Amino acid sequence: MPYTAPVDQIAHTLQRIARLEDIAATGAFPNFDAELVAPILDEANKLARDVLAPLNPIGHKHGAKLTDNGVIAAPGFAEAYAQFRDGGWMGLAFPEEYGGQGLPKVLALAVMEMVHGANMAFGLCPLLTFGAIEAILAHGTDEQKKTYLPKLISGEWTGAMNLTEPQAGSDVGALKTKAIPNGDGSYSITGQKIFITWGDHDMTENVVQLVLARLPDAPAGSRGISLFVAPKFLVNADGSLGERNAIRCIGLEHKMGIHASPTCVMEYAGAKGWLVGEPNKGLAAMFTMMNSARLNVGLEGVAVGEAAFQAALAYARDRKQGSAPSIEGSAPIIRHPDIQRSLASMAAAVQASRAICYACGAAADLAEHASDPAIREAAKLREDLLTPLAKAWSTDRAIDVTNTGVQIHGGMGFMSETSAAQFYLDARITPIYEGTNGIQAIDLVGRKLSMNNGAAMAAMLADIRNTAREARASNEPKLVVIADRLDAAAAALDEATQWMIAAMKSTRETGLSGASAYLRLAGDVVGGHFLTLSAITDRGRPLALARFYAEDTLSRAPGAIAAITSASETLQDAAGELLSDA
Ligand SMILES: Cc1cc2nc3c(=O)[nH]c(=O)nc-3n(C[C@H](O)[C@H](O)[C@H](O)COP(=O)(O)OP(=O)(O)OC[C@H]3O[C@@H](n4cnc5c(N)ncnc54)[C@H](O)[C@@H]3O)c2cc1C
């Protein structure tokens, strides 16, 4: 069952949730015209469906290979990348000044959903390149921008993010890679990075590494890390490629999924690099890359969930087992209520997470470009609040969704040749990289809830209650029921939020014990808010999904409070047991 992008739902989400017209109204996107959206989505769908999706099982089977000449991408990937590059997809949302098309970020997000849905391993290459571009745009010198941005934005070169080392995973501040000044403005970088996605490959002639390293006099921990740019091939003054830099992939990881995405061990043996941003301020630059990547990883969850849903729906229509009312002979399994429930839960989770990710992308566009400073500030708070939800909630749902997809396939789902198994295996990385979901929960309760005295969640709750009011005012009986569920869920989130803010102020450990459960509740409720918002204007499929979600998920919100507020106490007992002989 080949993937086809859900163009209508994506367009609907762009319109109703991301509110593209508000973004266009900022005046910051002179090239944007609402008429452009449909042709862009259609073209992206053709690339995803006809070029990238057929390569997905091939990439899973063959993977990338390490040779004496570096990493060779899986069969067909270089040709597909050439089409992606020539279509100008890399530069859709980057400034025209550097060769981009200057369109809203959220539109690029919609395109990337299609790319990831068709082939997540392929999509990781642009995903990491976006992070590198964002970092250079925000923190690079004019010279660095001139040297790297046109090549990265055109897709002629790709980028990679080198943070992780064996002893420095979630705790990036523990990294040991060294950068010694050469005295000519460049630095000599030495160390080893692990797990570097698309750190090397043969799809482009150069790979631009963004590398975190430590200067000789750097303070310990995360306050002593600096960001550097170090290309695989050094760039001559005229822009042509020069010497090979001392950066090599010395090993490829063997993984449970995303086989076609090379996960490289990178060796830096005195590689030449240049500081990006201020010395010892690498953490800020890293967050520029990470925030872009976190939202895009959340989007991977949406995309692979959608692909799993499509495959499960097709299988459920085709596979016959057992009997069902008014069906003669064997019934397609989609006639069984349990399969219907499974499919509905997949569809609702995918649409709710799509809405959260697009709302986050739209907030990022407004935070950067709205002309009114008050709108920019409110949008920044919304973006910051939604980023951990987009990343963690969407990817946790992707695990549920792809898992349900395997279940719907029965024994066939366990067979390696079905796409259901690949979707599950590919999705499994998404809660882990770009900051594990546990780390996202800490970010949510530790930083995001306390921003501006709790203004971000207070504004979100006000919006949720407003949506419930609108739903009730519609007088559509199903929307009135949804409004009741949404109001009760908002009250639960409000109570949990007040508790969490107080707990984090008094005994941080107490709050942290409930952080993941809190993130789950927040995502459940915010997801329900967006589904309801869609249903208010569109009564067909959006209303059906919102109604299902209200009963299936929102109804559980009031019961989720105890798991958050009692976590510290219950964990003390449980962890005491676990730690007793550790
Ligand atoms: C396929 C793949 C691709 C990757 N791509 C890249 C890449 O391109 N560039 C790059 O730099 N890195 C990359 N990574 C690394 C990835 O970002 C890290 O694996 C991730 O940040 C987690 O670090 P870790 O694996 O060391 O786990 P650890 O940090 O050891 O975490 C183990 C567990 O402990 C928990 N934990 C750790 N610290 C805390 C804490 N303070 N509080 C609560 N819980 C905690 C975590 O949530 C996790 O569940 C990739 C990894 C993989 C597997």
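# Cavities, pocket and ligand site

User: In this predicted model, which residues line the largest cavity?
Analyst: The structure is a predicted model. The lining of the largest cavity includes three nonpolar, two polar and four charged residues. By name, the largest cavity is lined by Gly199, Asp200, Gln209, Lys232, Arg244, Ile247, Arg248, Cys249 and Met266.

User: Which strand gives the most to the lining of the largest cavity?
Analyst: Among the lining residues are Ile247, Arg248 and Cys249. A strand that covers residues 247-252 contributes three residues, the most given to this lining, and that strand is β10.

User: How much space lies in the largest cavity?
Analyst: The count of cavities of 30 Å³ or more comes to three. For the largest cavity, the space amounts to about 40 Å³.

User: What is the volume of the second largest pocket, and which residues are the closest to its centre?
Analyst: The second largest pocket has a volume of about 710 Å³. It is lined by 27 residues, and the closest to its centre are Ile17, Arg19, Arg382, Asp463 and Leu533.

User: Which element gives the most to the lining of the second largest pocket?
Analyst: Two or more lining residues come from each of α1 (7-16), α2 (20-24), α10 (337-369), α11 (373-408), α14 (455-473) and α17 (515-537). By class, the lining holds 15 nonpolar, five polar and seven charged residues. The element that gives the most contributes seven residues, and it is α14.

User: How many residues surround the ligand?
Analyst: The closest residues are Thr164, Ser170, Phe195, Thr197 and Thr436. By class, the shell has nine nonpolar, seven polar and two charged residues. The number of residues that surround the ligand is 18.

User: Which element gives the most to the shell around the ligand?
Analyst: The elements that supply two or more residues to this shell are β3 (158-162), β5 (187-197) and α13 (437-448). The greatest contribution is three residues, and it comes from β5.

User: Why does tryptophan 198 count as buried?
Analyst: Tryptophan 198 lies in the loop between β5 and β6 (207-213). Its phi is positive, about 50 degrees, although the residue is not a glycine. A residue is buried when its relative accessible area is under 20%. Tryptophan 198 therefore counts as buried, with a relative accessibility of 0%.

User: Where is asparagine 280 found, and does it count as buried or partly exposed?
Analyst: Most residues other than glycine have a negative phi. Asparagine 280, however, has a positive phi near 65 degrees. The residue is found in the loop between β11 (263-276) and α9 (282-318). Because its relative accessibility is 21%, asparagine 280 counts as partly exposed.

Key
Residues numbered from 1 in each chain as written. Predicted model: local features only at pLDDT ≥ 70, side-chain atom pairs only at ≥ 80, totals over all residues. Heavy atoms only, no water. Near = heavy atom within 4 Å. Helix = DSSP H or I, 4+ residues; strand = E, 2+ residues; numbered from the N terminus. Nonpolar A, V, L, I, M, F, W, Y, C, P; charged D, E, K, R; others polar. Buried < 20%, exposed > 50% of the residue type's maximum accessible area, 1.4 Å probe, protein only. 1 Å grid on protein atoms, 1.4 Å probe; cavity = no way out; pocket = protein on both sides within 12 Å on 5 of 7 lines; lining within 4 Å. Points joined across faces, edges and corners; volume = space filled by probe spheres on them.
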